[in-house]
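Dear colleague,

Please find below the structure that I would like to hand over to you. My notes on it follow directly after.

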Amino acid sequence: MEPTLSARPEKQATSLFLLKSFARSLRQFLNQTSLHGLKFVGDSSLSSWERSFFLGSFVTALIITVHLISNIYVKWDSTPVIIGISPQATSILKVPFPAITICNMNQVQRSLVANYREGSNESALLKVLCESGGWESSQTDEELSSSKFATNNLKISEFVSNHSQSCERMLLYCRFSAVERNCSHLFQQILTDEGLCCVFNFQPPEYLYKPFSGNNRNLTNADGYESVMWDPESGYPEKLPPKFYPAPASGTGITLGFTAVLHAEMDEYYCSSTNGPGFKVYFHNPVEVPKVKEAGLISAIGYETNYRIEMVRAEAVPAIRSISRDGRQCLFKNEKQLIFYRIYTRLNCENECLAAFIYETCSCIPFDHPLIYSNASICSMGDTSCVRWAQRAANRPGWAKCRQRCLPSCFDLNYLASGFSFPLASNNFQLANALVESFNKSYLSENIAVINVYFRESVYYGNTKNAYVGLTEFLSNVGGVMGLFMGFSVISLAEILYFLILKPLAELFVWKRSSHVDSESSLKHNAFGIEQRQSSDNPSFFHSKELYPKGFSPEVYEKGKSMKGFHYQ
């Protein structure tokens with residue numbers, strides 16, 4: 001029990017010493033601090049009401065400061081990103097000319113389907129394809145679930161590819177960057193939600209889709225143009241071949257843009273995807289698969305349409321990478337990997353979400369959706385009812401949840417087109433295009449359409465995402481408020497740390513060390529029967545002035561000794 005009883009007074013003495021040392025350091029801090037008003041609180045020459053006045057003023061300033069700092073933090077946390085116009089103009093020569101997808105509204109050629117008899121599998125497929133423009137059939141679910149549809153194994157993709165107008169027949173004349181080109185060298189056929197279409201300035205599958213990334217086919221076309229890897233974030237590679245695609249524009253205006261003469265072949269019209277004949281034209285990013293059905297622009301037959309393109313570019317500064325995805329509401333290309341597409345865009349991500357939902361529901365994937373699973377089959381006519389049900393918005397909560405995770409790209413490129421149409425010539429006079437002039441004027445107005453695509457400006461200004469309140473601005477705002485109301489600075493923080501923490505602890509350490517040395521010395525002399533009076537001139541007592549920090553006198557030490565149980569003679 002003796003060690004316990006002796007340790008308790010020692011612990012109480014240590015606590016009392018530390019408390020008194022803290023109180024002494026606090027008074028010294030109040031007298032010497034740079035914080036506004038506190039030196040008057042610690043000034044003993046002032047009356048109590050004066051000191052209370054300055055204490056109340058300091059507390060009021062502290063409350064206001066905390067309130068303003070909380071507002072600054074809320075603004076920093078709730079609005080981490082601001083979108084502004086890029087201060088530097090970017091030339092159109094540094095970005096690709098828009099990819100152009102052209103689709104004839106005629107779904108199939110009349111001469112190729114005229115011989116299919118009523119009640120055949122091909123006839124049933126034509127009803128689904130023509131009466132509703134594809135999967136969104138106007139037929140009832142009972143009709144689609146009937147035995148004749150359930151046992152129909154025809155692939156819509158194969159049927160459309162074999163019975164639609166080819167690009168060679170649709171495109172009669174092409175000119176790009178003031179140079180007439182072979183249309184078959186510029187365009188490639190692609191299956192979209194609008195059917196079989198033709199696309200220009202589009203990345204080949206090897207650069208777009210992961211399943212084709214190992215294909216080593218020759219990507220140089222007959223004109224000597226070589227395909228290069230491009231994406232909105234990295235741009236073109238540093239070393240480029242003399243001729244490459246996706247190709248940039250050579251300049252502004254119709255002459256340096258793109259021109260095409262389109263042949264509708266009205267005699268071959270069997271069914272239209274809209275309520276009339278014509279073409280759908282869609283301008284898009286070269287790394288995005290086109291969705292023409294809903295967003296395509298109409299180019300009427302018998303008219304020449306000029307499409308004036310404006311660039312919409314999204315950019316981001318590297319500093320916002322430190323902000324959370326939910327905070328900046330965008331993704332860099334290496335932050336999310338897709339299953340089928342090599343390059344992340346929001347549209348590609350949403351397409352994969354819808355394909356995954358349809359596959360989970362129908363165990364197949366429609367031909368115009370990404371084939372995200374290598375073992376997945378393409379939907380046939382027998383799956384039409386299921387696909388139609390899955391594509392209804394009310395039945396897609398899982399797809400909507402997946403779609404919410406498809407944030408926009410931090411770097412993106414889109415094209416806005418303004419169209420202006422005027423009728424082609426109906427009388428005999430000389431025309432600018434020799435091919436257009438060669439047509440009979442009646443045939444021209446019923447079968448031919450001309451489109452011109454060009455940039456209006458030679459430069460554009462992107463929309464840049466930047467940190468609205470960065471760490472430097474946040475600290476500056478907080479420091480400004482604290483300095484204005486309290487006179488607080490980094491040195492003030494050092495004062496608080498020194499006077500209220502380091503100084504009391506240092507004094508406690510010196511006091512305990514001195515007491516330990518003195519205790520050992522007393523025990524040693526008592527062991528030889530020697531009595532010594534502890535005094536300031538006794539050489540056996542280590543009484544160095546350096547052991548006592550500023551404000552800590554030997555008298556305080558003597559008092560501390562008596563508290564630890566020492567007896568003086």
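Strand β7 (residues 195–200) is mostly covered, as six of its six residues are buried (under 20% relative accessible area, with exposed over 50% and partly exposed in between; 1.4 Å probe, protein chains only). Helices (H or I, at least four residues) and strands (E, at least two) are DSSP runs, numbered from the N terminus. This is a predicted model, in which local features need pLDDT of at least 70 and side-chain atom pairs count only at pLDDT 80 or more, while totals for chains, interfaces and linings use all residues. Residues are numbered from 1 along each chain as its sequence is written, and side-chain values use heavy atoms, with hydrogens and water left out.

Strand β7 pairs in the antiparallel sense with β6 (residues 187–192) over six bridges; pairing requires that DSSP finds at least two bridges between two strands. A hairpin of two residues joins β6 to β7, and threonine 192 stands opposite glycine 195 in β7. Strand β3 (residues 99–104) also pairs with β7 in the antiparallel sense, over three bridges, with isoleucine 100 opposite phenylalanine 200 in β7.

Elsewhere, leucine 502 lies in helix α20 (residues 490–527). Leucine 502 has a relative accessible area of 45% and is therefore partly exposed.

For the protein as a whole, there are 21 helices and 17 strands. Buried residues make up 45% of its 569 residues.

Yours sincerely
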